[in-house]
Amino acid sequence: MLRVVSTAPTFSPFQEEQDGSSDIALLHAISIDLIAEQDRMALYGKIVDAAIAITRSQFGTMQLKRQPSDGGAPGLHLLVSRGLTAEDRAVWQWVDPAAHSSCTAALKSGRRVVIPDYEMWDEIRGTRDLEAFRRAGIRSAQTTPLVSRDGTLLGMISTHWDEPHEPSRRDLRLLDILARQAADLLDRMIAEEALRDREQELEKTVAALRKNEELQKVLNDELGHRVKNLFAVVAAIASYTLRGSSDQSRSRTLQDRLMALSSAHDILPQSSWKPALLKDVAVAAMANAGIRDRIGIDGPDVALGSKAALNLALILHELATNVLKYGSLSLGAGFVDLSWRIGGEPASETLYLSWKETKGPIVRKPTGSGFGSRLIGAGIAGSGNVAISYKTTGLECEMSAPLNELGGSE
């Protein structure tokens with residue numbers, strides 16, 4: 001015999017008065033006890049103790065609805081019990097939804113289930129479930145679902161008796177109130193546990209990212225070191241190969257260009273081979289050329305991919321070499337202004353970069369063009385857009401490039 005009943009309270013304040021002040025006092029004491037308890041498992045135990053006290057039963061359990069790891073139908077996990085032996089707890093630690101019990105019947109219906117006598121329930125006859133109840137000394141049971149305020153079934157609270165029994169209307173009314181409190185507490189506990197799990201996962205993720213960042217830094221440092229060594233070896237080979245050449249200036253020019261390229265490469269590992277700031281590239285190039293104190297560098301933050309960063313480093317090296325030999329910095333009073341700005345619409349923003357020499361000798365357009373001229377003429381993005389003016393006040397070089405062409409790493 002099994003009876004499914006509504007879990008909604010069916011009483012009014014007038015009925016409470018008729019039942020007497022003892023029930024109100026009991027509920028008040030239970031509420032105070034639950035609010036004061038901070039330990040989660042102790043809290044679950046007090047809820048079960050309260051249910052046993054209300055129904056005057058010999059056994060009690062509280063279960064949490066859970067999804068099994070194999071993805072099957074949700075079952076019930078035992079949180080806490082009273083009156084059961086260790087062997088009994090092991091049997092009901094996990095209750096499969098196909099089992100025969102008041103809690104699985106409530107799981108299927110979503111409502112309270114009362115079984116006045118397991119021996120009279122036809123569906124359980126001849127099953128291992130009935131044998132388990134007999135071994136535990138359980139003859140009857142009631143299960144009240146614990147439902148959150150948004151209607152989610154969270155778990156069950158059950159009480160069991162050692163003889164045929166059916167709880168009174170008074171017992172069920174008080175159980176409804178207790179179940180409401182228990183569901184709220186369980187809902188809060190589940191949310192807090194989920195938050196802790198997410199925090200732990202986040203901590204693991206952050207730790208893994210930090211470890212990866214540290215490893216990446218080590219790899220970048222090693223790569224940067226090897227690249228720098230490679231440039232040094234190439235420069236040494238070039239110097240040795242051209243040692244007997246009649247034009248030593250070519251050898252020196254080649255070595256200087258290699259060192260300029262090496263200096264630009266020093267910046268890229270520092271940014272984990274991500275876009276480097278234009279200002280950092282410019283400062284490094286000028287410092288490598290030895291003219292950092294005789295040039296003004298100003299402009300907004302602009303990210304350059306490795307290709308554009310290396311192009312700019314070589315261009316600035318050529319300009320710096322020329323200004324030291326023939327331009328404004330060949331005289332003591334000369335100065336260079338390097339500046340840049342962003343113009344155009346957001347969808348087609350363009351970088352405008354300007355190199356202006358002042359207070360130097362009169363400059364004239366060269367009669368021929370070498371590799372350096374071609375390098376400057378290619379521009380930052382390698383697509384031209386460079387204008388060079390040989391003014392009486394000094395050389396001026398204006399170049400531009402769409403921002404969306406400066407982020408590549410080819």
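Trainee: How much accessible surface does the chain have, and what share belongs to carbon and sulfur atoms?

Mentor: Accessible areas come from the Shrake-Rupley method with a 1.4 Å probe, and for residues only the protein chains shown count as cover. Here the accessible surface comes to about 22200 Å². Carbon and sulfur atoms hold 53% of that surface. This is a predicted model: local features need pLDDT of at least 70, side-chain atom pairs count only at pLDDT 80 or more, and totals for chains, interfaces and linings use all residues. Residues are numbered from 1 along each chain as its sequence is written, and side-chain values use heavy atoms, with hydrogens and water left out.

Trainee: What percentage of the residues in the chain is buried?

Mentor: Buried means under 20% relative accessible area, exposed over 50%, partly exposed in between (1.4 Å probe, protein chains only). Of the 410 residues in the chain, 41% are buried.

Trainee: How many helices and strands are there?

Mentor: Helices (H or I, at least four residues) and strands (E, at least two) are DSSP runs, numbered from the N terminus. This chain has 11 helices and 14 strands.

Trainee: Which residues of helix 5 are buried?

Mentor: They are S102, C103, T104, A105, A106 and L107. Contact means heavy atoms within 4.5 Å. The buried residues pack against several strands, including strand 2 (59-66), strand 3 (75-82) and strand 7 (153-161). After helix 5 comes G110, with a positive phi near 75°.

Trainee: Where is D117, and is its side chain buried or exposed?

Mentor: D117 sits in the loop between strand 5 (112-115) and helix 6 (128-136). D117 is buried, with a relative accessible area of 8%.

Trainee: What does the side chain of D117 make a polar contact with?

Mentor: A polar contact is a pair of N or O atoms within 3.5 Å; within protein, one must be able to donate a hydrogen and the other to accept it, and residues adjacent in sequence count only if both atoms are side-chain atoms. The partner of D117 is the side chain of R139, at 2.6 Å.

Trainee: Which way does strand 11 run beside strand 12, parallel or antiparallel?

Mentor: Two strands pair if DSSP finds at least two bridges between them. Strand 11 and strand 12 (residues 350-358) run antiparallel, with 9 bridges. One of the bridge pairs is I342 with L351. The hairpin has 6 residues between the strands, and G344 takes a positive phi near 95°. Strand 9 (residues 295-298) runs parallel to strand 11 (residues 335-343), joined by 4 bridges.
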